Amino acid sequence: MVIKPGIIDKALGHCEKKWGVGFKIFFSPQGKRLDQRLFRKLAKTINLNSSKITVEKKHTSSKSHIILVCSRYEGMDARVEKEYADEILSIGDYVLMGGDLPAQVFLEGILRLLPGVVGKEESVHRESFESPFLDYPTYGLPVKWKDQTIPDVVLSGNHAEIEKWRDEQALQKTIRRRFDWFSSWPLTKEEKKNGLKSIPPHYIALMHDQVILGNGKEGVTSITSLDIHDSARSSSTYGIKKAFIVSPLKDQHSIMDTFLKFWRSEEGMRYNKTRCEAIRRIVPSHNFDEVIAEIEKKEGIKPIVIATSARFYSSDNVIDYSSHERVWHSGRPVLIVFGTGQGLSEEFMEKADFILIPVQGMTDYNHLSVRSAIAVVLDRWIGVHQKIDDASVT
Ligand SMILES: C[S@@+](CC[C@H](N)C(=O)[O-])C[C@H]1O[C@@H](n2cnc3c(N)ncnc32)[C@H](O)[C@@H]1O
């Protein structure tokens with residue numbers, strides 16, 4: 001059942017006869033998805049002040065109130081939104097039976113931004129989603145409840161320490177639970193630095209051992225200088241601590257040594273300083289155990305191993321690019337492993353703690369170079385994906 005346009009005409013006509021032209025917000029699962037950023041934008045567009053709501057929109061400056069238009073059943077005739085809607089909002093990617101609850105959600109969200117509605121305005125500004133961060137943990141009495149106690153610092157009375165603790169907690173919690181939210185903001189240099197510090201240390205390994213060859217058998221591949229250059233540059237860009245290049249072959253190591261010798265020399269420095277800096281992250285390794293041992297020596301604990309593949313796996317340990325909390329909750333360092341040749345051997349894949357879903361395009365061509373895959377995977381896993389603010393509201 002679809003709501004006829006005439007019914008909406010009548011309802012709007014009735015309202016506007018009494019109150020004047022209104023700013024019309026329609027609710028639909030197909031609308032712009034509401035979040036705190038959109039609420040803030042709308043609060044500005046719909047200029048809220050303490051005594052009354054005045055709606056200011058350049059082409060509709062006479063509008064002096066909001067009309068929330070909710071539908072039911074199959075929705076309303078498609079022409080109505082086109083004719084009337086100043087804004088179409090969704091409260092999430094699911095379908096309810098009617099727009100009445102979405103309208104209430106909208107009212108709750110927007111009214112608390114109206115000065116005076118929430119007693120302490122600054123507390124609204126510190127809440128989750130007002131910035132790149134979720135809110136810090138809050139506590140009330142009793143100090144001891146079941147087997148949990150309020151952290152000492154909160155009870156210390158030292159305001160500077162409490163503020164510092166709150167900021168750290170908010171950062172930690174956001175990074176683990178909502179890295180997507182944190183990384184969608186235009187972050188300052190300081191926020192990026194602190195964000196990276198809150199993420200467990202990350203390493204990558206580029207395997208020329210334990211990989212599948214063109215003949216389908218397991219074997220070793222040759223290193224290429226392009227892969228080394230690009231692994232180093234991607235590692236520097238995304239804050240990877242070290243990029244291990246793994247080959248069991250002596251002659252491959254001697255090629256690598258010659259290459260690294262140049263990039264660690266004064267001549268290399270004069271030739272390209274930033275490249276030299278990136279290439280400092282490269283560590284030649286003879287086998288995978290050596291990589292694990294090296295990270296354990298540095299971090300005091302073995303890393304979590306994430307294997308990558310162009311193939312799909314269907315085990316329980318397959319993760320996607322939103323699985324940060326699952327991987328990071330233990331605080332252990334993370335090692336992301338990339339294969340050369342036809343990819344990492346099945347035996348290697350079976351031993352990994354996690355397997356990342358493959359990077360995919362919308363074609364059947366499935367042959368990214370490993371250096372491209374490294375860049376894409378790192379970008380999707382720990383890259384900043386800033387959203388342009390103005391895109392959300394017309
Ligand atoms: C059953 S829904 C219609 C769904 C529509 N046929 C579709 O698939 O997109 C009926 C009405 O409920 C409201 N509604 C349902 N889910 C909503 C959501 N996630 N956000 C905002 N409004 C919603 C809208 O007013 C919608 O027109």
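User: Which ligand atom does a backbone N or O atom of Ser 28 lie 3.4 Å from?

Analyst: This is a predicted model, where local features need pLDDT of at least 70, side-chain atom pairs count only at pLDDT 80 or more, and totals for chains, interfaces and linings use all residues. Residues are numbered from 1 along each chain as its sequence is written, and side-chain values use heavy atoms, without hydrogens and water. A polar contact is a pair of N or O atoms within 3.5 Å. At 3.4 Å from the backbone N or O atom of Ser 28, the ligand atom is a nitrogen.

User: How far is a polar backbone atom of Ile 91 from a nitrogen atom of the ligand, and how far is a backbone N or O atom of Leu 96?

Analyst: For Ile 91, the separation from a ligand nitrogen is 3.1 Å. For a backbone N or O atom of Leu 96, the distance to a ligand nitrogen is 2.9 Å.

User: Is Gln 252 buried or exposed?

Analyst: Gln 252 belongs to helix H11, residues 250-263 (a DSSP run of H or I, at least four residues). Buried means under 20% relative accessible area, exposed over 50%. Because its relative accessibility is 8%, Gln 252 counts as buried.

Note on methods
A polar contact is a pair of N or O atoms within 3.5 Å; within protein, one must be able to donate a hydrogen and the other to accept it, and residues adjacent in sequence count only if both atoms are side-chain atoms. Helices (H or I, at least four residues) and strands (E, at least two) are DSSP runs, numbered from the N terminus. Buried means under 20% relative accessible area, exposed over 50%, partly exposed in between (1.4 Å probe, protein chains only).
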